[in-house]
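Welcome! Here is a short briefing to read with the structure open beside you.

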Amino acid sequence: QVQLVESGGGSVQAGGSLRLSCAASGLAYDVYNMGWFRQAPGKDHEWVASILIDGTTYYSDSVKGRFTISRDNTKKSLYLQMNSLKLEDTAMYYCAAGLWLGNRWSIPTQYNFWGQGTQVTVSS
C-alpha cells in the first residue's frame, strides 16, 4: 500500500534546470527521512541527497551547490530542484523513505521504501 511516485523528469540542455517531485502515500510521511538516489546506465545506485525528519539536509559532493532537496509534510511530498545540470547528471532518479538512517543516509539499504524512478536526460 505504501507508494512513492516520482515525476518531473525529462530532457534538458546542460546548464538548465529541472524540478523533481515525489508523492508519498500509505505511510506516516512526517516520521520518515527522505532521500534521492540516481542510477546511470551500467552503474550502481548513487546517493544524491537526503532530508531528515527535522529538516536537516545532506548532499553528495557531486551535486552540492547545484541541487536542493526539500519536503512538504502537509502534502507528503519530496522535491529535488536541480540547477546547472551537467551531462553526468543523466540518470534514472529515485526517491526513497527510511525510518532509521543511523547517520548513514547515503546507503541505499538504510531506506525502507522506493519509488519507480523518473528519467533525467541532460544533453550537450
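## A first look

Ser84 has a relative accessible area of 42% and is therefore partly exposed (buried means under 20% relative accessible area, exposed over 50%, and partly exposed in between, with a 1.4 Å probe and protein chains only). What you see is a predicted model, in which local features need pLDDT of at least 70 and side-chain atom pairs count only at pLDDT 80 or more, while totals for chains, interfaces and linings use all residues. Residues are numbered from 1 along each chain as its sequence is written, and side-chain values use heavy atoms, with hydrogens and water left out.

**Loop residues with a positive phi**

- Ser84 sits in the loop between β8 and β9; strands (E, at least two residues) are DSSP runs, numbered from the N terminus.
- The phi of Ser84 is positive, about 50°, although Ser84 is not a glycine.
- Asn103 is another residue other than glycine with a positive phi, near 60°.
- You will find Asn103 in the loop between β9 and β10, and with 64% relative accessibility it counts as exposed.

**The salt-bridge network**

- Three salt bridges turn up in a search of the whole structure; a salt bridge is a side-chain nitrogen of Lys or Arg within 4 Å of a carboxyl oxygen of Asp or Glu.
- Side chains of opposite charge can pair when their charged atoms come close.
- Arg38 meets Glu46 in a salt bridge of 2.9 Å, N to O.
- Arg38 is buried at 4% relative accessible area, whereas Glu46 is partly exposed at 32%.
- Arg38 also forms a salt bridge with Asp89 (2.8 Å, N to O).
- Because Arg38 lies in strand β4 and Asp89 in the loop between β8 and β9, this pair ties together parts that are 51 residues apart in sequence.
- Asp89 is buried, with a relative accessible area of 0%, and its side chain meets that of Arg66 in a salt bridge (2.8 Å, N to O).
- Arg66 lies in the loop between β6 and β7, so its pairing with Asp89 links parts that are 23 residues apart in sequence.
- Arg66 is buried too, at 11% relative accessible area.
- Through shared partners, Arg38, Glu46, Arg66 and Asp89 are joined into one network.

**How the strands pair**

- β4 and β5 run antiparallel and pair over five bridges; two strands pair if DSSP finds at least two bridges between them.
- Within this pairing, Arg38 stands opposite Glu46 in β5.
- Six residues separate β4 and β5 in their hairpin, and Gly42 in the turn has a positive phi of about 75°.
- β5 also pairs with β6 (residues 57-59), antiparallel, over three bridges, with Ala49 opposite Tyr59 in β6.
- β9 is joined to β4 by seven bridges in the antiparallel sense, and Met92 in β9 is the bridge partner of Gln39.
- β9 and β11 run antiparallel with three bridges between them, and β9 and β10 are antiparallel with two bridges.
- Seven of the eight residues of β9 are buried, so this strand is largely enclosed by the rest of the structure.

**The nonpolar cores**

- In soluble globular proteins, nonpolar side chains tend to be buried together.
- A nonpolar core is a set of buried Ala, Val, Leu, Ile, Met, Phe, Trp, Tyr and Cys residues joined through side-chain atoms within 4.5 Å.
- The largest core has 28 residues, of which Trp36, Leu78, Leu80, Met82 and Tyr93 touch the most other members.
- Among the strands that each supply at least two residues of this core are β3 (18-25), β7 (67-72) and β8 (77-82).
- Leaving aside neighbours within four places in sequence, Leu80 is in contact with residues including Leu18, Trp36, Val48, Phe67 and Tyr93 (contact means heavy atoms within 4.5 Å).
- A second, separate core of seven residues includes Phe37, Leu52, Ala96 and Trp105.

**One more loop residue**

- Pro108 lies in the loop between β9 and β10 and is partly exposed at 29% relative accessibility.
- Not counting residues up to four places away in sequence, Pro108 touches Phe37, His45 and Trp114.

Methods:
Helices (H or I, at least four residues) and strands (E, at least two) are DSSP runs, numbered from the N terminus.
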